[in-house]
Amino acid sequence: MKKQIIIALAFSICAFSFAQKKELKTAEKAIKSNNYAEAKTALNQAESLMSAMDDKSKAKFYYLKGQALYAGGAGSIDDIDASLENLAKANDAYSSEIAKLKQEMANGLLTKGNSAYEKNDYTTSSKYFEKAYRVTNKDTVFLYYAAATAVSVKEYDRALVLYEELKDLGYTGIEKEYYATEVESGKEVVLDKSTRDLYVKAKSHIKPGERNTDSKKPEIVKNIALIYVNRGDNDKALAAMKDARAESPDDINLILSEANVHYKMGNTEEFKGLLKEATKMDPTNPELQYNLGVIASESNQNDEAKMHYEKAIELDPTYINAYINLSALVLGQEQPIIEEMNGLGTSKADDKRYDELRAKRQNLYKDAVPYLTKALELDSKNINAARTLMNIYSILGETDKYKSMKEKVESLDSGQ
């Protein structure tokens, strides 16, 4: 009886082994014929027999399942993830075949990423580029493409993760570039080395050369900093700015970005110092002068503010906000005059002082008029400038100008 049981069990194990090999062979044949649905069916049946498989059969199962899920490039990104999980379980039994398949996957993902990019579908494009990198973990440029396309659609959180990874990997993107001058056009063109050498030999191109491309590291650390700025994470933004400026000390936009972070944080002196640094680098930039005027004005340094506003106008005579702010500087001197006038008594001396203050106040208005007039000339719909002028003309007793400006204010108010 015991002998019969042993024979029966042996027969059962042989049957299992035969079934496993049959299903694996069926799956392998289906994959060769690109019939991935049939391959998946066979593999599902084989999976139920996994407990009886030896290591060699298991390795083959995982390799075939990885192929079936990839489906020659027809699988989704999720299918590719599942495929990679199975290929990882195949161990070293199919190392060369898996390496070849992964390279095929990466190429296919890159093709899909480029196709999505050309259709302006940057979100999808970015995901394909990232996955192309994850497949092999060696083509780091794909990770860079993924980060750059994520930024273009303002997917900043995702882009930040990718940029941080690139930074940690020490990615620079520096490549050797081959070039030559086209004889017909006289223009320098970049070519792959073999094509360039062929053209030079054919004498259609001259002056061959080679050089390294610029490093992508400054761009990466700069974007990390700007994303932190966008997120309002000021401390991390400043730390990232420090790294970015170390890479690109002459990048004026980085200086301005850091200045803006300090401004948001209320660090007035740091903001002012950075603006002055930027002004030295770009002395003909009216916006820098204007911003220096604003920060000086907020610190009650009116003479300095006036100097910067006037410099902004000198650099750009159409800088309307500089005219508006100059008028505000002038009119800002009115309040202490009014307060003193209101505190005067009725004595003869007080009456004399009142007349002096009244004349001083009117002179302020007259000083403000040219700035407001110019602002209105540059922007005929600037209702604030028009209304301020109307009030000034009323106080100065210039009736005709008051009436004219009143009509303009009413017209602007009504939207005509």
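Me: Glu 334, buried or exposed?
Reply: Glu 334 is buried, at 15% relative accessible area. Buried means under 20%, exposed over 50%, and partly exposed in between, with a 1.4 Å probe and protein chains only. This is a predicted model, where local features need pLDDT of at least 70 and side-chain atom pairs 80 or more, while totals for chains, interfaces and linings use all residues. Residues are numbered from 1 along each chain as its sequence is written, and side-chain values use heavy atoms, leaving out hydrogens and water.

Me: Which side chain meets Glu 334 in a salt bridge?
Reply: Arg 361, at 2.9 Å, N to O. The cut-off is a Lys or Arg side-chain nitrogen within 4 Å of an Asp or Glu carboxyl oxygen. Arg 361 sits in helix α18 (348-378) and Glu 334 in α17 (334-342), so the pair ties together parts 27 residues apart in sequence. Helices are DSSP runs of H or I, at least four residues, numbered from the N terminus.

Me: And Arg 361, how accessible?
Reply: Partly exposed, at 22%.

Me: What does Arg 353 form a salt bridge with?
Reply: Glu 356, with the closest N and O atoms 3.2 Å apart. Both lie in α18, three residues apart, about one turn of the helix.

Me: How many salt bridges in the count?
Reply: 26.

Me: Switching topic, how many residues are in the largest nonpolar core?
Reply: 60, with Phe 61, Met 105, Tyr 163 and Leu 166 having the most contacts inside it. A core joins buried Ala, Val, Leu, Ile, Met, Phe, Trp, Tyr and Cys through side-chain atoms within 4.5 Å. Apart from that one lies another core of 34 residues, including Tyr 290 and Ile 337.

Note on methods
Helices (H or I, at least four residues) and strands (E, at least two) are DSSP runs, numbered from the N terminus.
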